[in-house]
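Hello,

Here is the structure I said I would pass on. Please open it first, then read the notes below with it on your screen.

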Amino acid sequence: IKNEAFKRGEVLKYRMHYGFINAGEAVLKITDEEKEIGGRKTFHAVGIGYTVSSFDWFFMVRDRYETYIDEEAIVPWLFIRRCNEGGYKIEQNQIYNQYKNIVDSDGKKFDVPENVQDIISAFFFARTIDFSNAKEGDVFEIPCFVDDEIWPLKIKYVGKETIKSDIGKIRCLKFRPIVQKGRVFKKEEDMNAWISDDKNKIPIRAE
C-alpha cells in the first residue's frame, strides 16, 4: 500500500467537548518502536482517551488501544484494548494471521476477510486511500473486526469544506462514517468527520 500520510513519531492530540463542556482529551500516536512480527516490520500505534477530572464525576473514561500495523501492507498483526468506561471494563487481545485470514481473539478463532482491519488500524488505512477522484455520495468500505464480529466500516464522501481551527483555516475533505446505530448513535449517519485535504489526510475534527 502506498503510504505518504503518516510515519513514526506522529502525534495527534484532540480536545473532546460535550456541548460547551471540555470533557476529555484523546491522543493517537505512532511510537518510535521498530518491532518485527513474523519477519514483518510494523508501526506501533497507540490511542489513549480519557475524561478530564472535572468530567469524571459524570462519566469517567480511561481507554487505551494499541495495534501493530504492517509497514508495507497497512494491516494489523496484533491488537490490544484496555478500556474503562463508566466502570465497564473491556480487555481484548487479538492476534491477526493475515496469511490465513484468521483472528485469534482471546483464544477464540474467527475466519475474517482478506486484509481485515482492527478499529485503530482502519483509521490509518483510511488515510492511505486516494480520494482525488471521489465524487459526492461515493462510499468507501473497509472490512473490520470489532468485538468478535466482522463489521464493514463504510465512509461516505460528502465534499470539500474549509473549516476554522485554532491554527487558522484548513481545507478539508468531509466524510460521514456510517456507524453502528443503537450503541452510541441513534442513526447510521449521525457522525461527521473532516480530514485535511493534502497528502497527510490528518483528521481535523469529528462531531
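**What was found**

Buried residues account for 41% of the 207 residues in the chain. Keep in mind that this is a predicted model.

Overall form

The chain contains 2 helices and 14 strands. For 207 residues, a compact globule would have a radius of gyration near 17 Å, and the chain agrees with this because its own value is 17 Å. Along the principal axes, the C-alpha atoms fill a box of roughly 45 × 45 × 35 Å. Of the contacts with a separation of 6 or more, 39% are between residues 24 or more positions apart.

The accessible surface is about 12,400 Å², and carbon and sulfur atoms contribute 51% of it.

Strand 10 (residues 139-146) pairs with strand 11 (residues 149-165) in the antiparallel sense, over 8 bridges. In this pair, Phe140 stands opposite Ile155 of strand 11. The two strands form a hairpin with 2 residues between them.

Strand 11 also pairs with strand 12 (residues 168-178), again antiparallel, over 11 bridges. Lys154 has Ile178 in strand 12 as its bridge partner. Here too there is a hairpin, with 2 residues between strand 11 and strand 12.

Strand 12 is joined in turn to strand 13 by 4 bridges, and the two run antiparallel. Leu173 has Ile195 of strand 13 as its bridge partner. Strand 13 then pairs with strand 14 in the antiparallel sense over 3 bridges. This last pair is a hairpin with 6 residues between the strands, and Lys201 in the turn has a positive phi of about 45 degrees.

Which way do the residues of strand 13 point? In a regular strand the side chains alternate between the two faces of the sheet. In strand 13 (residues 193-196), Ala193 and Ile195 point one way, while Trp194 and Ser196 point the other way. All four are buried.

A closer look at Arg205

Arg205 is in strand 14 (residues 203-206), and Trp194 stands opposite Arg205. Is Arg205 buried, exposed or partly exposed? Its relative accessible area is 33%, so Arg205 counts as partly exposed, since that class lies between 20% and 50%. Apart from neighbours within four places in sequence, Arg205 is in contact with Ile163, Lys164, Ser165, Asn192, Ala193 and Trp194. Asn93 is 112 residues away from Arg205 in sequence, and their C-alpha atoms are 29 Å apart in space.

Two aspartates with positive phi

Asp106 is not a glycine, yet it has a positive phi of about 50 degrees. Where is Asp106 found? Asp106 is in the loop between strand 8 (102-105) and strand 9 (108-111). With a relative accessible area of 45%, Asp106 is partly exposed.

Asp147 is another residue other than glycine with a positive phi, near 50 degrees. Asp147 lies in the loop between strand 10 and strand 11, which is the turn of their hairpin. Its relative accessibility is 25%, so Asp147 is also partly exposed.

Regards

Conventions. Residues are numbered from 1 along each chain as its sequence is written. This is a predicted model: local features need pLDDT of at least 70, side-chain atom pairs count only at pLDDT 80 or more; totals for chains, interfaces and linings use all residues. Side-chain values use heavy atoms; hydrogens and water are left out. The radius of gyration is taken over C-alpha atoms; the globule rule is 2.2 Å times the number of residues to the power 0.38. Buried means under 20% relative accessible area, exposed over 50%, partly exposed in between (1.4 Å probe, protein chains only). Contact means heavy atoms within 4.5 Å. Accessible areas come from the Shrake-Rupley method with a 1.4 Å probe; for residues, only the protein chains shown count as cover. Two strands pair if DSSP finds at least two bridges between them.
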